[in-house]
Amino acid sequence: MNQEQRGEPVNYNKKHFLDLKSLSASDIHYLLNSAQKMKYVLENSKGYVAPHLKGKTVATLFHEESSRSRLSYELAAQNLSAKVINITTAREFNQKKSLKEVGTYVDKMGADFIVIRHPISGGPHHLAKYVKASVINAGDGLNENPSEALVDLLTILEQKNSFTGLKVAIIGDIMYNRVAKSSIWALIKLGAKVSLAGPTTLIPRDIEKTGATIHHSATEAIIDADVVLCLKVQEDRRGIALIPSLNEYKKLYKINKTRLSYAKDDVIVMHPGPINRGIEISSSIIDKEGSVLDKQQGSGIAVRMALFHLHCRSGGGSLHV
Amino acid sequence: MSSTNLTLIRKGTIITHDKTIHNMDILIENEKIIDVDTNIDIDQCDVIEAEGLYVIPGLIDMHCELCEPGYDYRESFETGGQAAIAGGFTALTCNPMTNPIIDNKTVVEYVVNKGHNVSPVAIYPYGALTKGNQGEDMTEIGGMQLRGIVAVSDGDISIQDSKTLKRVLQYASMFELPIILHCEDHSLSKGYGVNDGYIATQLGLEGSMAASESLMVAKYIAIAEELRIRIHLAHISTKESVELIRAAKRRGVRMTSETSPQYFSLTEDTIDGYNTFAKVNPPLRKEDDMKAIIKGLQDGTIDVISSDHQPHNIDSKAIEFSLASNGMSALETALSVSYTYLVKSGYLTMEQLVDKMSHKPSHILSLNKSFFGVGHLADLAIFDPESDYVVDARNFKSKAKHSPYHGMTLKGLMKYTFVEGKKYTLNI
C-alpha cells in the first residue's frame, strides 16, 4: 500500500462530485478510504451522530423516482448532523427552464449540498456552473452514477484488498447502466482489467478505447475473472426492442454455474439489484452462501457520508450564515 | 466633385477567384469601381492605405439563418446584416426556417422588402421545398420565384420519405433554381448535436451516426443522377459523404456541395464538458473527417464554404446539452477561421478561398456578383492577412454573442467592408 492508497496526504480539493471519469486514481482511493472509515464508525457505534455537517443543509433534488438511493443520501446527511430538504418531482421532467431555475432557487435558500438525479446526461454538470452549493451527482441520464459505483468499488476493495491486476467482468446492458459506466472509468484508472460482455446493441460505441475488452460471449469475458458484475437487463427502451427476447438473453448471458466455473475460484458475483432471477443470474448462485450480493447495501450510507464530509471541507455552501 | 463620393484604396493586394495582383490602387465613385491601376493620382478623396492588406470581392453566404420573420429575438435582418459586414460578407441568403416559414409568395415578399429596407447588405431568400418544411406537400415555387427567391430548400430538415423526395425534386427542378438539401436520415439522428463515437460514450449522450448523413447523400445522388436533376448539398461533414460526392461528380452528376468552417477546424472533442456552444447539426466529427473535408475542398469536390450562421440566444445554449439548440453565430468568424485553417496552413490558395466564399456562391445562385473590375459594383472586403487577433464573441454584432471560437487566436482581421460603394470601417 502506498501513501495514496492509505488515503493520506492527497490534495483532494473538489467542490462538486460529478463523475468518476474526471477523477484520478488517487482521488478515488482517497474517497474509498474515507468511506471505509465512515463505515467503521457506522458499524461500531450505532446511533452515534457525528457533528461534521452541523448547521449545513442538504437538498435532494430527484427528477426521477428512487427510494433506495435517496434514502441512503438522507440517512448519510442525518448521520452527520445536517438538515435535509427533499424535492422530488415525480412529474415528467419539464422543458428547458426548470433545472437551472429550481437549482438556483434551492441554492439561494441556503443549501450547502444539492444531491441531484436528473434524466439528462450532464444535467448535474450544468447545474454546477450556476450554484454556490456543492453538487453531488446521484445519476444523470445515460452518463454516470458515481456514488453508486463507489459502493461497488468499496465492496470489491473489501473482498480483494486491491484493484491492481484484478480482472472484473461486467455482463449485460452496459449502454443504459450508468453505474456500470462509472465503474468502468474508475476500475481502469485503478489498474484493474475490465472485460465487457453483452448484446452488441447494448455496448456503447468505441467503449474499447477506455482500455476495456469487449466480448460477445459471456464465458469468454468471465475467464479468470476475480469479480463478475452482473447488470440488470430490460427487453426494450421506450418501445424499441434492444434484444429479441429475455429467453434469448438468458441463453447467451445468464450467469450460471457452468459459465462461472471459468472464473477464478474465489470469484465474487455482484448485482446492483433488483435481480431478474433466473434471467441475469441463476437462483443457485444468488442463494449460495458467501455470495456478496446482499452486502453491497451496507456500504451505501458510508460512501455518501464520505462524500458529504469531503466536499463540505472543500467549500460546499457559502450563503449560509 | 460635390455630388460624387470618391474613395481611393491604395496599394492593396487584390485577390479574386483567379488572380492576385500586388500593389494596386482602386478608385470607387459612389457605388461603382471606376478605376483599377498602379498609382492612381487624385486629390480630394477618402484614402485607405491598404499596403499589406488583402482586398477581395465581398463574401456571399449560401447558408444562413436570419430568423425573420418570427424569431427576431435571435437575429434580425439588421443585426444579421451588421454581423455580415463585420465578417466581410456583402450578400446573405436566408433559410426558410422562420415563423411563418418562407413557403409562400407573401412571406417571400415580406422578406425581400424588409430585408431591402433594414439590412445593410443584400438579402436573398430561399423558399421552402415543402409546406411548413414538413417534408410532405409541395410549395408554390413558381409564385415564390416571381417574388425573388434565389433557391429552394427545406433548411436544416431533410425530406425523409423517398417517394415524396423524388416528387418534390422533380417538381422543383423545372424552375432552374438551385435545390439546396440538408443531409440527415432522421431515423438515425435527430439533430443530437454529437457525433456517434467515443465522445458520445464518454458523455453518455446519444450520438448522430456519420451514416445518417452519408445515407442521405447517397439517396439524393441516386435520385438526381437518374432524373438528371441539379442539386446542391449543404454543410457536408463526413469523409464518406465527400467520397460519395467525389465519385458522383466524376460520373457527371449535376451537383455542387458545401461545407462550413467548423467541419475543417474543430473535432468532436470540442464538445467535451458538455460544451453547448459547439453543438451543431451535423455534429462536429473526427480528425479523419476533417482531413477528408479539406481534401474535398482542395480537389473541388466541395465547391463552397458557407458560414452556417445559426444564431441562438444564450438561454437556449446555457442549458443541458440534450436540450440546447443546434447552431452557432458564425458570420463574424467564417473568413478568419477559413483563412487560418486553410490558407495559412497551406491547404488552399487565397484565390481558391475567394472562389469558395464568393465567386462560386454567386455563380450557383446566379447572383451576378463577385465581379471585380472597372464598372462593377464595389462589393469588397479588406483584411489584414498577417496580424493575430483573439476572438471575443461578446463584441459580435450578431444578437448571438457566443461562439466555440471565443478566446481563440486567429488570423485575418477584417478592416473594411464595402457594400455597393458604402464604406464600413471595422474596429474589433
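**Figure 1. A bridge between β11 and β12 of chain B.** In this predicted model, B:His232 has B:Thr256 of β12(B) as its bridge partner. The two strands behind this view are β11 (residues 231–233) and β12 (residues 255–259) of chain B, which run parallel and share three bridges. As a bit of background, strands in a sheet pair through backbone hydrogen bonds, in either the parallel or the antiparallel sense.

**Figure 2. Strand β5 of chain B and its partners β1 and β14.** Which way does β5(B) pair with each partner, parallel or antiparallel? With strand β1 (residues 6–15) of chain B, β5 (residues 54–57) pairs in the parallel sense, over two bridges. One spot to look for is B:Thr13, whose bridge partner in β5(B) is B:Tyr54. With strand β14 (residues 380–390) of chain B, β5(B) pairs in the antiparallel sense, over four bridges. There, B:Val55 stands opposite B:Ile382 of β14(B).

**Figure 3. Two cis peptide bonds in chain B.** The bond from B:Asn99 to B:Pro100 is cis, and its omega is near 0 degrees. You'll find B:Pro100 in the loop between β7 and α2 (105–118) of chain B. B:Asn281 and B:Pro282 are also joined by a cis peptide bond, this one with omega at about -5 degrees. B:Pro282 sits in the loop between α8 (262–265) and α9 (287–298) of chain B.

**Figure 4. The largest cavity.** What is left empty inside? Rolling a probe the size of a water molecule over the atoms shows where there is empty space. Five cavities of 30 Å³ or more turn up, and the largest holds about 50 Å³ of space. There are 11 residues lining the largest cavity, and the closest to its centre are B:Ala86, B:Glu332, B:Ser336, B:Gly412 and B:Met414. The elements that supply two or more lining residues are α10 (334–343) and β15 (409–419) of chain B. Sorted by class, the lining of the largest cavity has six nonpolar, four polar and one charged residues.

**Figure 5. The second largest pocket.** This pocket has about 430 Å³ of space. Among its 18 lining residues, B:Glu65, B:Met97, B:Asp156, B:Ile157 and B:Gln310 come closest to the centre. The class count for the lining of this pocket is five nonpolar, eight polar and five charged residues.

**Figure 6. A five-stranded sheet in chain A.** Over in chain A, five strands make an open sheet with parallel pairing, in the order β7-β6-β5-β8-β11. β7 and β11 (268–270) of chain A stand at the edges with a single partner strand each, so one side of each has no neighbour in the sheet. On average, neighbouring strands of this sheet are turned by 20 degrees against each other, ignoring direction. Strand β5 (residues 167–171) of chain A pairs with β6(A) in the parallel sense over five bridges; for A:Val168, the bridge partner in β6(A) is A:Val194. Helix α5 (residues 146–160) of chain A lies across β8 (227–230) and β11 of chain A, running at about 170 degrees to β11(A).

**Figure 7. A loop residue with positive phi in chain A.** A:Asp206 isn't a glycine, yet its phi is positive, near 60 degrees. This residue is in the loop between β6 (193–197) and β7 (213–215) of chain A.

**Figure 8. An edge-to-face aromatic pair in chain A.** Over all chains, the structure holds 10 aromatic pairs. One of them is formed by A:Tyr73 and A:Phe308, edge-to-face, with 6.3 Å from centre to centre and 70 degrees between the planes. A:Tyr73 belongs to helix α2 (residues 67–79) of chain A and A:Phe308 to helix α11 (residues 296–313) of chain A, so the pair ties together parts that lie 235 residues apart in sequence.

Conventions: Residues are numbered from 1 along each chain as its sequence is written. Chains are lettered from A and ligands numbered from 1 in the order in which they are written. This is a predicted model: local features need pLDDT of at least 70, side-chain atom pairs count only at pLDDT 80 or more; totals for chains, interfaces and linings use all residues. Side-chain values use heavy atoms; hydrogens and water are left out. On a 1 Å grid over the protein atoms alone, a cavity is a set of points where a 1.4 Å probe fits but cannot get out, and a pocket is an open set with protein on both sides within 12 Å along at least five of seven lines; lining residues have an atom within 4 Å of a point. Grid points are joined across faces, edges and corners, and a volume is the space filled by probe spheres set on the points. Ala, Val, Leu, Ile, Met, Phe, Trp, Tyr, Cys and Pro count as nonpolar, Asp, Glu, Lys and Arg as charged, and the others, Gly among them, as polar. Two strands pair if DSSP finds at least two bridges between them. Rings of Phe, Tyr and Trp (its six-membered ring) pair if their centres lie within 6.5 Å; planes under 30 degrees apart count as stacked, over 60 as edge-to-face and the rest as tilted. Axes are lines fitted to C-alpha atoms, for helices over the stretch in contact, and angles run from 0 to 180 degrees between N-to-C directions. Contact means heavy atoms within 4.5 Å.
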